[in-house]
Every structure is written in C-alpha cells, then in structure tokens.
Amino acid sequence: MKINRRTFMREITAAATISTCGSGLFARAEEAAPAPKNILMIVADQWRWDWMPDLGMSQLDLPNLSRLIGESTHFTHSVCNSPQCAPSRISFATGLYPGRTGAYRNNTCVCPVAATKSYASNDAGFKTSAPTMYFQLMNHGYRTATVGKFDLVKGAPIPRSTELFRQLGFTDGSELAEWKGNYLRAMFPNNPELLRGYRSYSEDTVAPFPLAEEFFYDNVVGNQADGLLKKFHADTPDQPWMLLVNFHAPHPPWNAPQRVLDLYKETSFPASISDSLSGKPDRVVKLNRVKSRTMENLNEIKMHYAAKMKVLDEWLGQFMKTLEESGTADSTVIVFMADHGEMLGDFGLFSKEQMYEGSLRVPLLVRLPGITHGEKSEALVELVDLYPTLMEVAGIAYDPEHLDGRSLLPLLEDKTAEHKQYQYSEFEGQDSPPYAKLRMIFDGRYKLINTEGFLELYDLQADHQETKNLVSNPEMDATIKRLQTQMDEISANSLPPQKEL
C-alpha cells in the first residue's frame, strides 16, 4: 500500500509536542503516532559513488545490492559533508555540517560528550551537546544498536562504557577498530597467533587476507550484526529498533579474502583519471602518488576494492534473509551508504580527503517499504539529510531550523520534488575564520572548491572528470562570486576546530 506523505506527516505533527533537548528543539511523543518502522543502516567505508552495479559498473558481482537498488530510491548525486571518516559520521549523526560542531577531521568527537573529562570542550566554544539522531530514536522508545567501526568519539581516551554509548544514543553499543588488526586482539584474546599472522604483512601490501576467512574484519562485524537482528526479534519483538552496521569494506588495506578475490582475477577495471594537475592546488600535487605504482598494480588494487565490496554484499543478502525469516522485512527501512569515497588513482591520488568526485560523492540508497520501487534521483542530496528523514520515518517531530539536513521523504515519494539548491562539504580545521581549510559548494552544474584561498571551478556537465579549472575565465566571475558568497554564508556560523584528541 502506498503511503501518502502528507497524511503521514500530518499525523506525526498532531501526535507530538515540542520539548527542549540539548541545543535545539526536538519532539517527545505524547499521543499515539503512526507505528514507527525499524531502521537498518548499513555504512560502508570509502565506497565510491560510481562503483555501483546500476551505474555502469558491470564488472561488479553484487546481486544483493542490485536487489536492494530495485527496492530503493538511489540518490545518484549524493555527497558526504566531509571527506574523512569521523567528521562525516559525526555530521550525519547530528544533521549538522562539521563547522557546527567543530569536528573537521579525525580524532574529534560528537561534542561535548560528558564522559570526556580530560577534553576542555568549552575552550572550543561548545556550550551544549548536539544530540545524535540515534539518541533521539532511543529517547522515543527505540532499541538502538551499533557494531563495527564507530568513529563518533574517534581517538578519544574514553572507556567505551555502557554509559558512553547511551549518551551517544545506543542501548546496545560496541566498537571494533580494524586498525592494524586490533579487532583480533579484542575479539579473540585467547588466540594471539591471529594478530601475529595478520601483522606478518605490511598495511601497504597488496595481498590476500592471510588468515581464515571467518576472521576477516567485515565477516566478524557482519556476524555480530546478524546476531543482533535475530536477538531483536527474539527478545523484544514489539519494540522498534535501529541497527547501525559499520563495515570497513572497501577501505584499505587491500587484503580481500582469496575466495572473493578469485572472482575478479581476470577483470580489467576502468582507468583512473589522468591529468596534468596544472589547475590543481599544491596540496594535490604533493599528494600525487601514481608514479610510484604501475598500472598493473593499480588494477590489482581495484580487484581488492571490488572483492571487499563482494564480502559486504554477501552480508547484505544475509541481513535481508534474516528480516524475511523474522517477518519484519516489510516494516524495516534500509539505508545503504558510505561515509566518503576513494580517489582510487584519480589525479594520482589514493584515499579520500579531497573535494573531487571520487572522494566526495557516495552511494546512498533508501528503501522505504510501500514507497520506493527502484527509482533514481539526481537531487542535490547530502548525508546530513538522513537525520530529518529518519526522524520522520520514526514519527518524531523536530525543529528543521536547527538542522542543516532536509528530509528526503518528498523525494522518496516523488523523485522530481524540489530539494536543495546547493551541496556543501568541508574538511580540516584552522584557528581563524572560515575555520575549514578546504571547502566545496556545488549548484548542480558548477562546483567551486576553496583550498585556503586557492580556487577551483569545474563545470561538471561539460567536464565531469574535473580536469579544466575555469577560475581564470572572466566569463565565470559572476558564477564564482555567487558560489563563494553562498559558501561564506554557510561558514559564517561555523565554530573553531575541536582540539584533536
């Protein structure tokens, strides 16, 4: 049955009163509202927007993701609001741009967290906390859980206690860090040989996973997540739940299990973008590393990238099977997304931390039973939009003026609905305004990047590979001024950067 959004939202609004929580206004339901739906959020790490089976990447063997695409709205032009793990995840958790919390890079946190006694958050200008959307769901009766890579308090010297996870919004919280195989020590403390075996090769080595496949990080996380899905149904079948599954794939190291790697051993992947870098800032030129890698090695890296995606796809299939067996598939919203992309050799760059398409754009699928049926939307969607979207899905009223995100529900019902005029992203802090060293704004055609005053302007309709910087073209002066003015208006409300933990 198709849900009418206007009726849906009218019922939610009538069923809620506004109360103060943290630094903004949020709702506390007082009367009966529409039955909230379960929410399964699957967050990949470093998955490029264009490595999707329905966007021309026929080399990818991802049947479960293809099925999910057919049941979802695929936002094909979505962006992260910071191209690094922690600031991106903090941003979509709070519905706020990084500048609103001062979390411009890794080793920052959802701030302030009361448990961070050693962190002088007030010195950075923080007076009240920014409650996460997970906290709002928990506060309105959801059972909320997270597994895998967490990054809401990345690097913070805080015990990962039950109290900390509840402050962040989780009734069932855990964190598992992949870094250098540390998850093996945490999960299998009585088997030190696993960690020694893992560390027998360098993090920079391009080679198959050296242990049994059951010990591969994403298999450990997937097994935990599937167990929680079954536990929810067994323990609290009448309570709505939200599960945040934080995979590490397809993030380096390039160490896919041999079984899935063999699926791509004869595959040639698309070439990376090659460019003279004449219109790029010095930071990009200095980071150029492609000359140290052969094209044969680059294709091997892409084989691992695809194979790690395959591992995640297998778990996606298992999760969907578990939902079906529990009878909750039709009452569960599924979000599939990534925190940021991966340059994967474009402009001689690897990793993220750039405002170019490979690093900035991310896959975003939203499956809403009864509404989505395989549509595509080119709307200017941002990850901060997930906060108000999931509040509406759960029947929780909120103050839209407090958030930078805007609900996706109109787009889920009608892909031609109006959304935002601009997309914005920022990264890496500095002590003086505008506080972010690297900023980006995009209006659907023109992208302006400001790197500490160095400007890049790209017409993505004519130059989707971003090889022609138009800043020196006088015909672009009005466009540059318009975009820069809008960018500065956003930055005007920014906070100085948090002290790194």
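How far apart should the ends of helix α16 be, given its 15 residues at 1.5 Å a residue? Hold that thought, everyone, and remember that what we have here is a predicted model.

Helix α16 should span 21 Å, and its end C-alpha atoms are 21 Å apart, which agrees.

Now let's see which way its residues face. The buried ones are T479, I480, L483, Q484, M487, I490 and S491. If you look down the axis of α16, these buried residues fall within an arc of 120°, so they line one face of the helix. Here is a handy rule to keep in mind: an α-helix has 3.6 residues a turn, so residues three or four places apart point the same way. On the other side of α16, A478 and K481 are exposed.

So what covers that buried face? The cover includes α4, at residues 98–101, along with strands β11, β12, β13 and β14.

Those four strands are our next stop. They form an open sheet with antiparallel pairing, in the order β11-β12-β13-β14. At the edges stand β11 (423–429) and β14 (454–459); each has a single partner strand, so one side of each is left without a neighbour in the sheet. From one strand to the next, the twist averages 10°.

Strand β12, residues 436–442, pairs with β13, residues 446–451, in the antiparallel sense over 5 bridges. You can find F442 standing opposite K447 in β13.

Technical notes
Residues are numbered from 1 along each chain as its sequence is written. This is a predicted model: local features need pLDDT of at least 70, side-chain atom pairs count only at pLDDT 80 or more; totals for chains, interfaces and linings use all residues. Side-chain values use heavy atoms; hydrogens and water are left out. Two strands pair if DSSP finds at least two bridges between them. Helices (H or I, at least four residues) and strands (E, at least two) are DSSP runs, numbered from the N terminus. Axes are lines fitted to C-alpha atoms, for helices over the stretch in contact, and angles run from 0 to 180 degrees between N-to-C directions. The expected span of a helix is 1.5 Å times one less than its number of residues. Buried means under 20% relative accessible area, exposed over 50%, partly exposed in between (1.4 Å probe, protein chains only). The arc is that of the directions from the helix axis to the C-beta atoms. Contact means heavy atoms within 4.5 Å.
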